[in-house]
Amino acid sequence: MKFFVDTADTAAIKELYETGLLDGVTTNPSLIAKSGRDFKEVIAEICAIVPGPVSAEVASLEYDGMVAEGEHLAKIASNVVIKLPLTLNGLKATKYFKDKGVKTNVTLCFSANQALLAAKAGATYISPFLGRLDDINLDGVQLIEDIRTIYDNYQYETQILAASIRSPNHVTQVALVGADVATIPPDVIKKLANHPLTNAGIDGFLKDWKATGQSIL
Ligand code: E4P
């Protein structure tokens, strides 16, 4: 499973990219607002840090506006992926970019039928929002499992990008049901490495090693 980081914080992106664990980045208008920075500047900076796919979201709700904004964003760098909302206009724009060879991420997906439409439109990625479904007591993992079945039934190439991930357990769950990618907040990515038994083991080994009085170098 590929790991994308879900943030517009370039310092956090750089730190994670240096671990070698990061395959790409997703942003959204709320994350850009939180950064307090110029949208296109941030996207250019992220694309210079991470060579993998970097999702940048359009703001227009009209087809013509989505196409104009998407074309503008695609010029920032060759690894920009145009993020479009799951509406009929967004799907029409997805088809437009597919025909032009520009990658797309169809976002705000909350049903299997929406995911089916995105695949038919030729989306590169579909983003089902796991956490936001869990927030209203619906089963986000089941949605991803259903999308996996549908895409496999018809050999759709659209990749399932599990989004709105809130915890390490979400990461395990989406990996178990076959998501192609998980986009994860930086703090959750870091938590994936943690285990109290790992920490306790390190403490114990270090104490015993010091008692030997040896050094490796
Ligand atoms: C995905 O591309 C979105 O940016 C993101 O995962 C939304 O997550 P949230 O529901 O925590 O805002």
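In helix H3 (residues 39-49), the buried residues are Val42, Ile43 and Ile46. These residues cover an arc of only 100° around the axis, which puts them on the same side of H3. The arc is taken from the directions that lead from the helix axis to the C-beta atoms. A residue counts as buried if 20 or more other C-beta atoms lie within 10 Å of its own, as exposed if 12 or fewer do, and as partly exposed in between, with C-beta atoms placed from the backbone. Helices (H or I, at least four residues) and strands (E, at least two) are DSSP runs, numbered from the N terminus.

The cover over the buried residues of H3 includes helix H1 (10-17), helix H2 (29-35) and helix H4 (63-74). It also includes strand S2 (24-26), strand S3 (54-57) and strand S4 (80-85).

## Basis of the model and overall form

This is a predicted model, in which local features need pLDDT of at least 70 and side-chain atom pairs count only at pLDDT 80 or more, while totals for chains, interfaces and linings use all residues. Residues are numbered from 1 along each chain as its sequence is written.

The protein chain contains 11 helices and 8 strands. Its C-alpha trace spans about 70 × 40 × 30 Å along the principal axes. Of the 217 residues in the protein chain, 36% are buried. Among contacts with a separation of 6 or more, 56% join residues 24 or more positions apart; two residues are in contact if their C-beta atoms, placed from the backbone, lie within 7 Å.

## The barrel

The 8 strands close into a barrel in the order S1-S2-S3-S4-S5-S6-S7-S8, with parallel pairing. From one strand to the next, the twist averages 30°. For such angles, axes are lines fitted to C-alpha atoms, for helices over the stretch in contact, and values run from 0 to 180 degrees between N-to-C directions. Two strands pair if DSSP finds at least two bridges between them.

Strand S8 (residues 181-184) is paired with strand S1 (residues 2-6) in the parallel sense over 4 bridges, and Phe3 stands opposite Ala182 in S8. Strand S7 (residues 159-162) also pairs with S8 in the parallel sense, over 2 bridges, and here Leu161 stands opposite Val181. In a regular strand, side chains alternate between the two faces of the sheet. In S8, Val181 and Thr183 point one way, Ala182 and Ile184 point the other way, and all are buried.

S3 and S4 run parallel and are joined by 4 bridges. Val54 has Val80 in S4 as its bridge partner.

Lys83 lies in strand S4. An unreviewed UniProt entry annotates Lys83 as "active site"; UniProt positions are given in the numbering used here, feature names are shortened, and annotations may be inferred rather than shown by experiment. Lys83 is buried, because 25 other C-beta atoms lie within 10 Å. Leaving aside residues up to four places away in sequence, Lys83 touches Ser55, Ala56, Glu57, Val58, Asn105 and Thr107.

The buried residues of helix H6 (residues 112-121) are Ala115, Ala118, Ala119 and Ala121. Seen down the axis of H6, they fall within an arc of 160°, so they line one face of the helix. Their cover includes helix H5 (88-100), strand S5 (104-109), strand S6 (125-128) and H8. Gly122, with a positive phi near 90°, follows H6.

## Two contrasting positions

Thr158 lies in the loop between H8 and S7 and counts as buried, because it has 23 C-beta neighbours inside 10 Å. Not counting residues up to four places away in sequence, Thr158 touches several residues, including Ala118, Ala119 and Ile126.

Asn199 lies in helix H11 (residues 196-212) and counts as exposed, with 10 C-beta neighbours inside 10 Å. The C-alpha atoms of Asn199 and Ala59 are separated by 45 Å, the two residues being 140 residues apart along the chain.
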